[in-house]
Amino acid sequence: MRTKGERSKQHILEVASMLFSKNSFKNVTIRQIAKEAGISPSLIYKYFHTQEDLYYAALQSACQDLLERLKTIDRLEDFVHEYLRYMFSSALFEMMSYFSLEHDSSKNFIPISNEINKFLQLLEEKISGPNAKIEAQLLFSTLNGLIISYKKVPRDTEAKIATIQKLADYYIANLKKRI
């Protein structure tokens, strides 16, 4: 059973993720997060020293949740379908998009690089073969490109997911011919 402190920290992360997925890091304040969470800003600072620490923790938490879901999936197609469905239904994709577009590139620090590397490792294991590493990177980029291309299309979410899953399946079928 989680302690009250652990529950408070998790609640802060959930509220922060929701707000960071709707606005860029620069447009979300600790006060807004505290107000939405129904707590004082000082409680947030008890767990996170800076707004940037909170943002990175929210990104990492969402990435770790996704990784836990994907670890148990054996078939590449099922793995990809779950990834796409998760990215459409969680705050993670929007947070990653804002991060990618607004991150200060002069800082050579990517806070979720460990999680991305773990994801790529899982993909490599599903692909195998001599070019598994580069194929995993290409597939990862392709999936995110598909999400970018279809996420804001004015259609039913399930229809969008079905479309990109079909495109991903096509890509995977051709990938399997290469490996």
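1. Helices, given at least four residues, and strands, given at least two, are DSSP runs numbered from the N terminus. Under that convention, Arg2 falls in the segment before helix H1, and helix H1 spans 4–22. The model discussed here is a predicted one.

2. Overall make-up. The protein has nine helices and zero strands. Along the sequence, the pattern reads α-α-α-α-α-α-α-α-α. Taken along the principal axes, the C-alpha atoms fill a box of roughly 55 × 40 × 35 Å. Of the 179 residues in the protein, 41% are buried.

3. The charged patch. Which residues form the positive surface patch? The patch is made by Arg2, Lys4, Arg7 and Lys46. As for Arg2, its relative accessible area is 45%, so this residue counts as partly exposed.

4. Aromatic pairs in general. A pair of aromatic rings is described by two values, the distance of the centres and the angle of the planes. The structure holds six aromatic pairs. One of them joins Tyr55 and Tyr56: the ring centres are 6.2 Å apart and the planes stand at 55°, so this pair is tilted. Both Tyr55 and Tyr56 are buried.

5. The pair of Phe119 and Phe140. Here the ring centres lie 5.3 Å apart and the planes stand at 55°, so the pair is tilted. What does this pair link? It links distant parts of the chain, with Phe119 in helix H7 (residues 113–127) and Phe140 in helix H8 (residues 132–150). The two residues are 21 residues apart.

6. Burial of that pair. Are Phe119 and Phe140 buried or exposed? Buried means under 20% relative accessible area. Phe119 has a relative accessible area of 4%, so Phe119 is buried. Phe140 has a value of 15%, so Phe140 is buried as well.

7. The ring cluster. Phe119 and Phe140 also belong to a cluster, in which ring pairs link them with Phe79 and Tyr83.

8. A second residue of helix H8. Thr142 is placed in helix H8, the helix that also holds Phe140.

9. A contact to look at in the model. Thr142 and Leu167 are 25 residues apart in sequence. In space, C-alpha to C-alpha, Thr142 and Leu167 are 9.8 Å apart.

Definitions and conventions: Residues numbered from 1 in each chain as written. Predicted model: local features only at pLDDT ≥ 70, side-chain atom pairs only at ≥ 80, totals over all residues. Heavy atoms only, no water. Patch = residues over 30% accessible without salt bridge, like charges linked within 9 Å, V, L, I, M, F, W, Y side chains within 5 Å. Areas by Shrake-Rupley, 256 points an atom, 1.4 Å probe, with all protein chains shown as cover. Salt bridge = Lys/Arg side-chain N within 4 Å of Asp/Glu carboxyl O. Lys, Arg positive; Asp, Glu negative; His and termini not counted. Charge placed at Lys NZ, Arg CZ, Asp CG, Glu CD. Buried < 20%, exposed > 50% of the residue type's maximum accessible area, 1.4 Å probe, protein only. Phe/Tyr/Trp six-rings, centres within 6.5 Å; stacked < 30°, edge-to-face > 60°.
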